[in-house]
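Q: I would like a close look at a single part of this model, followed by some account of its surroundings.

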Amino acid sequence: MILKTNQREQVMPLPVVLVSTVSKDGIRNIAPWSNITPILRPFDDIVLASWIKRDTLDNIRETGEFVINVPPVDLADAVMICSKNYPPEVDEFEQAGLKPRPSKKVKAPGIEGCLAWVECMLVEEISRKNYSLVIGKVVNLDVDDYYFNKYGEMDYEKAKPLSVMLGDQGMWFTRPVFAGRYAGYAEMFLNKKDEAPTITGENG
Ligand SMILES: Cc1cc2nc3c(=O)[nH]c(=O)nc-3n(C[C@H](O)[C@H](O)[C@H](O)COP(=O)(O)O)c2cc1C
């Protein structure tokens, strides 16, 4: 079967995160985001794609800050509340009944009940006609110890991080499970040594 080219998002599972921001007037905002990825290993940059018309994008432009919160499956209903197109003056923490969690390095609060809180500063916005790519630098990364081991690895069977498969008329919320195969990074290299670059200066 051949799909339409813009159905490319239906052929791969996507993460679901909640991006929390604050407007220049102090209004707290939350929006679910799936078009988001860390930029390569071992850097600390991250990129998200945003439609031009998003309060989240306006807030990031105004304040230069945002927090990426990683929700567990239990927050799927709250995710959908935050996905509604409330006007910018509406506090989405209140709408979704979510509790703010003070951040360490940015003014925007994180969200209680999430698994991890990735505090970011805006590095660059790449503007296209209908969307923008927002590159952020992670300035603080907190995780809930209950779900992570001492190496900072998530016990995803216990944590149940939320992901999504997009369909033609809607989306199925999903979560990752172990596929029965582990691979050390060294396995990717012919000399069996992990050749990821060590960071010596600016990323990228
Ligand atoms: C699971 C999920 C993932 C989403 N991912 C994105 C995304 O990657 N980029 C985007 O611009 N909008 C995305 N949206 C839509 C926004 O979350 C939605 O339009 C929201 O109302 C935007 O809020 P804001 O205007 O307060 O920023 C997603 C929605 C859902 C439910």
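How many bridges join strand S11 to S12, and do the two run parallel or antiparallel?

A: In this predicted model, strand S11, which covers residues 163–166, is joined to S12 by four bridges, and the two strands run antiparallel. One of the residue pairs can be named: Ser163 has Thr174 of S12 as its bridge partner. The pairing belongs to an open sheet of three strands, arranged in the order S1-S11-S12 and paired in antiparallel fashion. Its edges are formed by strand S1 (14–15) and strand S12 (171–174), each of which pairs on one side only. In general, the strands of a sheet pair through backbone hydrogen bonds, whether parallel or antiparallel.

As for the annotated domain, the unreviewed UniProt entry places the feature "domain: Flavin reductase like" at residues 12–153. That span is 15% helix and 42% strand, and its end C-alpha atoms lie 23 Å apart.

Turning to the ligand, there are 17 residues around it, of which Ala31, Asn35, Asp55, Thr56 and Ser83 come nearest. At least two residues of this shell are supplied by each of strand S3 (28–33), strand S5 (45–51) and helix H1 (55–63), and S3 gives the most, with four residues. Sorted by class, the shell around the ligand holds seven nonpolar, seven polar and three charged residues.

Terms used: Residues are numbered from 1 along each chain as its sequence is written. This is a predicted model: local features need pLDDT of at least 70, side-chain atom pairs count only at pLDDT 80 or more; totals for chains, interfaces and linings use all residues. UniProt positions are given in the numbering used here, feature names are shortened, and annotations may be inferred rather than shown by experiment. A residue is near a molecule or strand if its C-beta atom, placed from the backbone, lies within 6 Å of it. Ala, Val, Leu, Ile, Met, Phe, Trp, Tyr, Cys and Pro count as nonpolar, Asp, Glu, Lys and Arg as charged, and the others, Gly among them, as polar. Two strands pair if DSSP finds at least two bridges between them.
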